[in-house]
Amino acid sequence: MTTAIRNLTFTYPNQEHPVLADLSATFPDGSFNLLTGPSGGGKSTLLKLIAGLLPLPTGAQITLAGQALQELPATQRASQVAMLFQEPSTQFTMDTVLDELRFALENQQISAAEMPAKIAAALDFVGITSLKNRHLTHLSGGEQQKVALAVIVAMDSKVILLDEPFASIDPAARLDLLQNLVQLSQAHGKTIILADHDLSFYERWIDHLSVLEAGHLTTLSPEATQQRLAIFSAPQRQLTHVTLPDRQLPVILQGQDLGLRQGTRQLINPQDLSLFAHQITLITGPNGSGKSTLLRALVRLTDYQGTLTYDGINIQKRRRKAYARQVALMFQSASAQFLNVTVAEEIALSHKYGRQTYFTPERVDQLLAQLNLTQQRDQIIYTLSGGQQKKVQLLCMLMMAPQVLLLDEPLKGLDYDSIQAVLSILKTVQHDLQLTLIMISHQLSGLDGFVTLHLQLADCQLRYQEADQ
């Protein structure tokens, strides 16, 4: 039996053009299917339709193991199909990891006696047993993604839908989780349909690669698949142009005995840290190691040990509003940063308070076109895809033009062409306005030649790294 889609055309309310146009596809049982395509191209929409989370249009048909999706009672649907959302935090209902897993199994009417074993097996499978009693709001974005995946594993559904499951996952953990998914497919007969923009590590594992573009789904030949995956091969992820910081570089942010804790956990041991002006610094490290917490400390959104200075002055002695204009943080979750309803309103707000002499209306129009967002100007911002929201967020933060812009996973949810457009814009604005960019990213393809310094967080210590050989 297969998961099959027939004659699927889907148009969102108040939109002229369908996001999916007469789409038909089959996914064999036990197969591992990778789905890619432009940001906003309909991948999340397709997964939500398969999961039964959007109403199926008249004339379209989706069958799971030979049974029509519309005929499946809601109480039985979770045993057939489960979906991990692009933003896992929107999927959580309870406070702790353990309670979230229990809640999911209770909704499947799993008996209390069976739950402990299922929960333990799911946590072990994903490698997060240590997170069992942690509060979900205290986890990093990558750790939250792992929890959401553990919930999917515990539910034991026949068809598993994953929307950008590795977007905030470090490369080592990404590879481990990918191998786990392959095991679910090959050893347990699960059908996996996974949407991703970063195609790193997939070359050995997937059965099919399909591209969703302009409403149509095309499954690539083995030769075309390898050509597509080659863009994300190991050499493309290397950083061969970064250097160790020169002593002559001016320091803009300085930490003295800077340390970070989260509850009883020491994330970063007290150390001296220099962040250099007019550079593009990349920060990498495992999930949950403290990278996002470090950026939050730099903008006074969390406590820290030691002293932090900006341009030689203790940041605690600076007026908060004035400091926020100098050092700003682009959040990992784009929707958490928006204040208005439409794209145009959000851009207008940034223009009002931003660098108007540089970001003229004409330049903003050019940037929207470069980001392929011209047609979305009047759209409700929360109806955009995750990648489109990320591009709007980036543009609005750049328009504010702080001297130091902290970027937490700015490439999350972006297709390769969008990444190239974003990096080009960042490079141009950084050069023209002499900004300092400090970014966290697990997506490394395309960053070589863009970042100038590489700061790695490992074993509670931050160290600058030399170029890859």
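Which residue stands opposite Leu-35 in strand 9? In this predicted model, the residue opposite Leu-35 is Ser-210. The report below follows the strand pairings, then the helices and the nonpolar cores.

**Strand pairings**

Strand 3 and strand 9 (residues 208-213) run parallel and are joined by 4 bridges. Strand 9 also pairs with strand 10 (residues 216-219), here in the antiparallel sense and again over 4 bridges. Glu-213 has His-216 of strand 10 as its bridge partner. Strands 9 and 10 make a hairpin in which 2 residues lie between them, and Ala-214 in that turn has a positive phi of about 55°.

Strand 6 runs parallel to strand 7, to which 4 bridges join it; within this pair, Val-81 stands opposite Val-159 of strand 7. The side chains of strand 6 are divided between two directions, with Val-81 and Met-83 pointing one way and Ala-82 and Leu-84 the other. All four of these residues are buried.

The pairings with stated bridge counts are set out here.

| Strand pair | Sense | Bridges |
|---|---|---|
| Strand 1 and strand 2 | antiparallel | 6 bridges |
| Strand 3 and strand 9 | parallel | 4 bridges |
| Strand 6 and strand 7 | parallel | 4 bridges |
| Strand 9 and strand 10 | antiparallel | 4 bridges |

Four strands in the order 2-1-4-5 make up an open sheet with antiparallel pairing. Its edges are strand 2 (20-28) and strand 5 (67-68), each of which pairs on one side only. Strand 1 (residues 2-10) pairs with strand 2, and the bridge partner of Thr-2 in strand 2 is Pro-28. Helix 1 packs on this sheet and touches strand 1, strand 2 and strand 4 (61-64). The direction of helix 1 makes about 120° with that of strand 1.

Helix 1 (residues 43-50) is mostly covered, with 6 of its 8 residues buried. The buried residues are Lys-43, Thr-45, Leu-46, Leu-47, Leu-49 and Ile-50. After helix 1 comes Gly-52, which has a positive phi, near 80°.

**Helix 3 against helix 5**

The axes of helix 3 (residues 97-107) and helix 5 (residues 141-155) come within 10 Å and cross at roughly 35°. This crossing is right-handed. Helix 3 contributes Val-97, Glu-100, Leu-101, Ala-104 and Leu-105 to the contact, and helix 5 contributes Val-147, Ala-150, Val-151, Ala-154 and Met-155. Of the residues in this contact, 9 are nonpolar, none is polar and 1 is charged. An α-helix has 3.6 residues a turn, so residues three or four places apart point the same way.

Nonpolar side chains tend to be buried together in soluble globular proteins. The largest nonpolar core here has 50 residues, and Phe-32, Leu-181, Leu-194 and Tyr-202 touch the most other members. Among the elements giving two or more residues to this core are strand 3 (32-36), strand 6 (81-84), helix 3, helix 4 (115-126), strand 7 (159-163), helix 6 (171-188) and strand 8 (191-195). Helix 5 supplies the largest share, 9 residues.

Which residues does Phe-32 touch, not counting those up to four places away in sequence? They are Leu-178, Leu-181, Val-182, Ser-185, Ile-192, Leu-194, Tyr-202, Trp-205, Ile-206, Asp-207 and His-208. Apart from the core that holds Phe-32 lies another core, of 47 residues, which includes Val-364, Ile-381, Met-399 and Met-439.

Notes:
Residues numbered from 1 in each chain as written. Predicted model: local features only at pLDDT ≥ 70, side-chain atom pairs only at ≥ 80, totals over all residues. Heavy atoms only, no water. Axes fitted to C-alpha atoms, helices over the stretch in contact; angles between N-to-C directions. Left-handed = near helix turned anticlockwise from the far one by under 90°. Contact = heavy atoms within 4.5 Å. Nonpolar A, V, L, I, M, F, W, Y, C, P; charged D, E, K, R; others polar. Buried < 20%, exposed > 50% of the residue type's maximum accessible area, 1.4 Å probe, protein only. Pairing = 2+ DSSP bridges. Core = buried A, V, L, I, M, F, W, Y, C linked by side-chain atoms within 4.5 Å.
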